[in-house]
Amino acid sequence: QTTVADPSRDSAVSEGFSRLFDYITGANTGAAEIAMTAPVFVDDNAGREIAMTAPVIVDGAAAEDGWRVVFVLPEGMTEGDAPRPTDARVTIATVPARRVAAIRFTGFFSAANIEAARTTLADWLAAEGIAHRGDWQSAGYNPPWTLPWLKRNEVIVTLAPPAG
């Protein structure tokens, strides 16, 4: 994962993606190449104000000083055995298991499309009386050259533990 202190979501995602791509293509101890996986996660709260503000990934883990971009390590690779990044701005962390709600959408991985999906999911959760932590994040599953109507994207939020 990496955090980019840029007010522009698009610029921050681009820079963060580049840092992480460098890591998986050899900017790490041993110059190991790591398979590209999906999805790529982006903290959609840092750098902007929305009604339910909170960090991404889990429980206050996102940086309030920028946008967090996260790659998922390949299956079977753990935080303990992953090569160490040579760029100090790239870190490796384990995300604890959690229950989430998600909504899938197609099209571009744009701020407008993400916000529309987030609003739809937030409204549905409110109507169903389902509490959440407000740690909104988005996930993109496809390379940029995928046709928009074939792209798979999601907006995800951690559900609050059941009361009682």
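The model under discussion is a predicted one.

1. Overall organisation. The chain contains 2 helices and 6 strands, and their order along the sequence is β-α-β-β-β-α-β-β. Of its 164 residues, 40% are buried. When contacts between residues at least 6 apart in sequence are considered, 68% of them join residues at least 24 apart.

2. Although Ala 31 is not a glycine, its phi is positive, near 50°. Is Ala 31 buried or exposed? With a relative accessibility of 52%, Ala 31 counts as exposed, since the exposed class begins over 50%.

3. The aromatic pairs. How many aromatic pairs does the structure hold? There are 2. In one of them, the ring centres of Phe 17 and Phe 21 are 6.3 Å apart and the planes meet at 10°, so this pair is stacked; the cut-off for stacking is an angle under 30 degrees. Both residues belong to helix 1 (residues 9–24), where they are 4 residues apart, about one turn of the helix. Residues three or four places apart in an α-helix point the same way, because the helix has 3.6 residues a turn. Phe 17 is partly exposed at a relative accessible area of 33%, and Phe 21 is likewise partly exposed, at 37%.

4. The link from helix 1 to strand 3. Phe 17 also pairs with Phe 71, in an edge-to-face arrangement with 5.2 Å between centres and 70° between planes. This pair connects distant parts of the chain, as Phe 17 is in helix 1 and Phe 71 is in strand 3 (residues 67–71), 54 residues apart. Phe 71 is buried, its relative accessible area being 13%. Phe 17, Phe 21 and Phe 71 together form one aromatic cluster.

5. Charges over rings. The charged end of Arg 9 is placed over the ring of Phe 109, at 5.1 Å from the ring centre. Likewise, the charged end of Arg 118 sits over the ring of Trp 136, where the distance to the centre is 5.3 Å.

6. Thr 2. This residue is part of strand 1 (residues 2–4) and is buried, with a relative accessible area of 1%. Which backbone oxygen does the side chain of Thr 2 reach? It is that of Arg 89, at 2.8 Å. Beyond the neighbours within four places in sequence, the contacts of Thr 2 include Gly 16, Arg 19, Leu 20, Trp 67 and Val 90.

7. Helix 2. The 18 residues of helix 2 (residues 111–128) should span 26 Å at 1.5 Å a residue, and the end C-alpha atoms are 25 Å apart, which agrees. Ile 114, Ala 117, Arg 118, Leu 121, Ala 122 and Leu 125 are buried in this helix. These residues cover an arc of only 135° around the axis, and therefore lie on the same side of helix 2. The other side carries the exposed residues Ala 112, Asp 123, Ala 126 and Ala 127. The buried residues of helix 2 pack against helix 1, strand 4 (100–105), strand 5 (137–140) and strand 6 (153–158). Just after helix 2, Gly 129 has a positive phi of about 70°.

8. Ala 102. Located in strand 4, Ala 102 counts as partly exposed at 45% relative accessibility. Apart from neighbours within four places in sequence, Ala 102 is in contact with Leu 121, Val 155 and Ile 156; Leu 121 is one of the buried residues of helix 2. Ala 102 and Trp 136 are separated by 34 residues in sequence, with a C-alpha to C-alpha distance of 9.8 Å in space.

Definitions and conventions. Residues numbered from 1 in each chain as written. Predicted model: local features only at pLDDT ≥ 70, side-chain atom pairs only at ≥ 80, totals over all residues. Heavy atoms only, no water. Phe/Tyr/Trp six-rings, centres within 6.5 Å; stacked < 30°, edge-to-face > 60°. Buried < 20%, exposed > 50% of the residue type's maximum accessible area, 1.4 Å probe, protein only. Lys NZ or Arg CZ within 6 Å of the ring centre and 35° of its normal. Polar contact = N/O pair within 3.5 Å; in protein donor to acceptor, adjacent residues only side chain to side chain. Contact = heavy atoms within 4.5 Å. Expected span 1.5 Å × (residues − 1). Arc of directions from axis to C-beta.
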